[in-house]
Amino acid sequence: MKQRRINRRDIGKLKEILLDKREEIVGGVKQIHASSQEMGQDGIQDMADEASNLYTKQVLMSLSENQRQVLREIDEALDRITDGTYGTCDSCGDPISLKRLQIRPFAKYCVQCQDSIEKQTIDTSIE
Ligand SMILES: [Zn+2]
């Protein structure tokens, strides 16, 4: 089966999905950030920033390992969109199918490579 390479319009749509997903995960952090800025209006701005930075860190810490992993993968995918390597398997260089990217827009590998990597991960994660 021949896969068509994703085009710029596909990437635009996938980027929106990625940004939405990112927003979903860090949305809580932003809300807290906004309310801490309100409180710090007549205070020292640096301190308010510091407090919200600390809070952001705490929220990031409170995210599950899985959420942080997804966040990392989303950021990497956005980087790849910027440098033009998005949609290409990081392992074998084959194009990743649009169908796969629609399900998993931050996919870094094609199905075959992902499978073998996941198997490796499962093997090595048993301690
Ligand atoms: Zn591959």
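T88 is partly exposed because 18 other C-beta atoms lie within 10 Å, and a residue counts as buried at 20 or more and as exposed at 12 or fewer. This description rests on a predicted model.

T88 sits in the loop between α3 and α4 (98–103). Leaving out residues up to four places away in sequence, T88 touches G93, P95 and I96. K108 is 20 residues from T88 in sequence, and the two are 7.4 Å apart in space, C-alpha to C-alpha.

## The helices

The chain has five helices and zero strands. Read from the N terminus, the order of elements is α-α-α-α-α.

α3 contains 19 residues. From its first C-alpha to its last, α3 reaches 27 Å, close to the 27 Å expected at 1.5 Å a residue. After α3 comes G84, which has a positive phi near 80°.

In soluble globular proteins, nonpolar side chains tend to be buried together. Here the largest nonpolar core has 11 residues: I6, L14, L18, I74, A77, Y86, I96, L101, F106, A107 and C110. At least two residues of this core come from each of α1 (8–39) and α3 (65–83).

What does I74 touch, not counting residues up to four places away in sequence? The contacts of I74 are L18, K21, R22 and F106.

## The chain overall

Of the 127 residues in the chain, 11% are buried. Among contacts between residues at least 6 apart in sequence, 51% join residues at least 24 apart.

Notes. Residues are numbered from 1 along each chain as its sequence is written. This is a predicted model: local features need pLDDT of at least 70, side-chain atom pairs count only at pLDDT 80 or more; totals for chains, interfaces and linings use all residues. A nonpolar core is a set of buried Ala, Val, Leu, Ile, Met, Phe, Trp, Tyr and Cys residues joined through C-beta atoms within 7 Å. Helices (H or I, at least four residues) and strands (E, at least two) are DSSP runs, numbered from the N terminus. Two residues are in contact if their C-beta atoms, placed from the backbone, lie within 7 Å. The expected span of a helix is 1.5 Å times one less than its number of residues.
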